[in-house]
Structures are given as structure tokens and as C-alpha cells.
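Thank you for making time for this.

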Amino acid sequence: SAIGSDVALGSTQARGVRLGASLTAALAYSGVLLQVGLSVSADANGYGPLGETLHILSFFTMVSNLVVAVVSTMLAIDPSRSGRWFDGLRLAALVMISVTGIVYWLLLAGEPTTGLDWVANMLVHSVVPVAAVGSWLLVGPHGRFRGGLLPLMLLIPVAWLVFAMLRGAISGYYPYFFMDVTEVGYAMASLRILGVVAFALIVACAYVGLDKVIVRLAAAYRR
């Protein structure tokens, strides 16, 4: 994207995008760093600082928050940033963080935590999803999503799935119960994973459709 992209968006919208992206990035980085710090401090698995850091960062929640943080940082630097790969990455960030929040609160949330554990948990599972989606809804930029981006959107989630399953096959550890083949078997785990992927595609299509609706409503409002 070109230098001086604020003009391309309009200075007011560009300021809004930069503000929303900066806030979202700060929240995402804070959540990830706090979660890593707590995990390393507790060392519950006995992996040591580096091992515990890599372990906690291997969860989809952490990956989705990091993708949001990176995309938001790139938008804060250049609010008009666009292009096939970046738009696909931004769609991936929105879909991944949405799936993180929804799946956590519907399937994974257990006993409530307290103190800094509660803060970290709320940041990565609730605050960042709301900030990321809210920022996109309120300030955009919009008009960047289309059906052709779906294969790009799936690259990071599918790469994570392959990594998680290979790691599980080698170590016997699976990060989430629904994909734990030692408990449910390969057939059921595969069906559940396909279900989550299908859900992610539905969420992605919803974002693509909503993006088009927002663009049309904005055009109608300006007329």
C-alpha cells in the first residue's frame, strides 16, 4: 500500500481505523504476554520457561490473538493497507478470534478463575474478540472481503490443525478435548474438527456478506 494512505481512506476514517487497530493490538499483545507470563511462572507442566512459552503459544486461542495483534499493528501503521494476502489475513484474524470466543464460551469454559488468571482469560477469550470485531464493524475499512479470500483465510487455521494433530500423535497431548483421539478416537475427532472448520467457513461467509451490506448501506447513506 502507498504512503499517504490516510488520504485514500479519508482522514477521519483513517484516524478511526488507526485508533481501533491500535487499541485492539494493545489488548491482544497484553493478553498473550500476561498469559505467557502466568504460565511460565506457574510452570505447571515442568517444561521450563522456553518449553512452557512454546506450550501455551501452541493453543489456538493464543494463535488467534497473535494473528489479531499482527494484523491490527499493520493496520495501525497503514489504515489503508490492502491487497489479496493482507485482506485474506484480516479475514482470518476476524474469523479465528470469533471462533475462539464462541467455542470457548459454548464448549470450553470451566470453573471461573480469579486474579490475574481471570484477567488474562477475559482478555484472550472475550475482550480481544469484542475489540477486534467491534473495531471492524465501527470503523472498517470495509469493502475488502470477498468469497475468493476463503482459501487464504483457511491457511493459518488448517496449518494449526495439522500441527496440533501431529504433535498429539507424537506426544499424546491434544490441546482441546474435542480433538483428543486418545479419548474419542480418530473418527469422532475428525468429525468434530470438520464441524469446527465448517463453522469457521460459515462465520467467514457471514463476514463477507456483512461487509457487502455495510458498503451498500454506507453508499446509500451518502446519496
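This is a predicted model: local features need pLDDT of at least 70, side-chain atom pairs count only at pLDDT 80 or more; totals for chains, interfaces and linings use all residues.

The largest pocket is lined by 28 residues, and those nearest its centre are Gln 35, Tyr 104, Thr 113, Asn 121 and His 125. Residues are numbered from 1 along each chain as its sequence is written, and side-chain values use heavy atoms, with hydrogens and water left out.

The space in the largest pocket comes to about 640 Å³, where a volume is the space filled by probe spheres set on grid points that are joined across faces, edges and corners. On a 1 Å grid over the protein atoms alone, a pocket is an open set of points with protein on both sides within 12 Å along at least five of seven lines, a cavity is a set where a 1.4 Å probe fits but cannot get out, and lining residues have an atom within 4 Å of a point. Which helix gives the largest share of the pocket lining? That is α6, with six residues, helices being DSSP runs (H or I, at least four residues) numbered from the N terminus. By class, this lining has 16 nonpolar, nine polar and three charged residues; Ala, Val, Leu, Ile, Met, Phe, Trp, Tyr, Cys and Pro count as nonpolar, Asp, Glu, Lys and Arg as charged, and the others, Gly among them, as polar.

The largest cavity holds about 300 Å³, and among its 21 lining residues Phe 60, Val 99, Trp 160, Phe 178 and Val 196 are the closest to its centre. Its lining takes its largest share, seven residues, from α5, and it divides into 18 nonpolar, three polar and no charged residues.

The second largest cavity, of about 140 Å³, is lined by 14 residues, with Val 71, Ser 72, Leu 75, Arg 90 and Ala 132 nearest its centre. α2, α4, α5 and α6 each give two or more residues to that lining.

Finally, the helix pair. The axes of α4 and α5, which are lines fitted to C-alpha atoms over the stretch in contact, with angles from 0 to 180 degrees between N-to-C directions, come within 9 Å and cross at roughly 140 degrees. That makes α4 oblique to α5, because angles under 35 degrees count as roughly parallel, over 145 as roughly antiparallel, 65 to 115 as roughly perpendicular and the rest as oblique.
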